[in-house]
Amino acid sequence: MSLSGKIAIVTGAAQGIGRGIALRLAKDGADIVLTDLKKDKLATVAAEIEALGRKALPLTADVSDRAQVFSVLEQTSQAMGHVDIMVNNAGIAQVRSLLEVTPEEVDTIFRINVQGTLWGIQAAAKTFKAQGTPGKIINACSIAGHESFAFLGVYSATKFAVRALTQAAAKELASSGITVNAYCPGVVGTDMWTEIDRRMAEETGAPVGETYKKYVEGIALGRVETPEDVAAFVAYLASADSNYMTGQSVMIDGGLVYR
């Protein structure tokens, strides 16, 4: 799947799944604009992309701030000439009983996971339309966008919302040649899942490592997911091979949740 000549933006690209996606799209031939709040780690990923022979533009940005997201698209257009692919990957997890979650916690996760995705959809769609070109918008959903989990209720609600935004945007933007899809990972061996496991131990009293082990043991393919597993599917969504696909939020979880 060649992405030669394409320009892709990946949010939350400093580590984990975002880094994996950025590197895979670069290996497939795209030049990459990376955004994150972790400036040092972002620079490291940019260097890895350049080592692959691709251009990299690291930009520090907070996806919950609409103006900053639109600025990323503007800076990309100015520096790279055009935009072809927008990967709204940035997001956070939250482990908390529904009975205990605070207004501040709800506000924070919705601003990042839901509003951040919405601003990315808006900015990318307006850019594609201004260019007069088709484009790909790819959103980070989750298995928790298909099935809600105890102590991950508010996080799950944000991912259900991402699935709704993906469907609605696909319907609104299809006539402009813009496709909108989402990827739904399961248990990925990243810092995010390390933190989920730690917080689950605090909330439930389970030993540290027990929640992670329980979920991994439920994966049909028998191993934990890697960022590269997710990135391979995102590369498909970014390529011409998925041109007839839109509005879908597809699980890539090794066989954990079935729909």
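The structure is a predicted model, in which local features need pLDDT of at least 70 and side-chain atom pairs count only at pLDDT 80 or more, while totals for chains, interfaces and linings use all residues. Residues are numbered from 1 along each chain as its sequence is written, and side-chain values use heavy atoms, with hydrogens and water left out.

A polar atom of the Ser239 side chain lies 2.8 Å from the backbone oxygen of Tyr236. Ser239 is placed in the loop between helix H8 (227–238) and strand S7 (249–252), with helices (H or I, at least four residues) and strands (E, at least two) being DSSP runs numbered from the N terminus. With a relative accessibility of 2%, Ser239 counts as buried (buried is under 20% relative accessible area, exposed over 50%, partly exposed in between, for a 1.4 Å probe and protein chains only).

## The annotated Tyr155

An unreviewed UniProt entry lists Tyr155 under "active site"; such positions are given in the numbering used here, feature names are shortened, and annotations may be inferred rather than shown by experiment. Tyr155 belongs to helix H5 (residues 153–173) and is buried, at a relative accessible area of 11%. Apart from neighbours within four places in sequence, Tyr155 is in contact (heavy atoms within 4.5 Å) with Ile92, Ala93, Gln94, Ile109, Asn113, Ser142 and Ala144.

## Salt bridges

The whole structure holds 13 salt bridges, each defined by a side-chain nitrogen of Lys or Arg within 4 Å of a carboxyl oxygen of Asp or Glu. In one of them, the side chains of Arg54 and Asp31 meet at 3.2 Å, N to O. Because Arg54 lies in the loop between helix H2 (39–51) and strand S3 (56–60) and Asp31 in strand S2 (residues 31–36), this pair ties together parts that are 23 residues apart in sequence. Arg54 is partly exposed at 26%, whereas Asp31 is buried at 10%.

The side chains of Arg199 and Glu203 form another salt bridge (2.9 Å, N to O), and both residues lie in helix H6 (residues 191–204), four residues apart, or about one turn of the helix. Salt bridges that share partners join Arg199 and Glu203 with Arg96, Glu105, Glu195, Arg198 and Glu202 into one network.

Methods
Polar contact = N/O pair within 3.5 Å; in protein donor to acceptor, adjacent residues only side chain to side chain.
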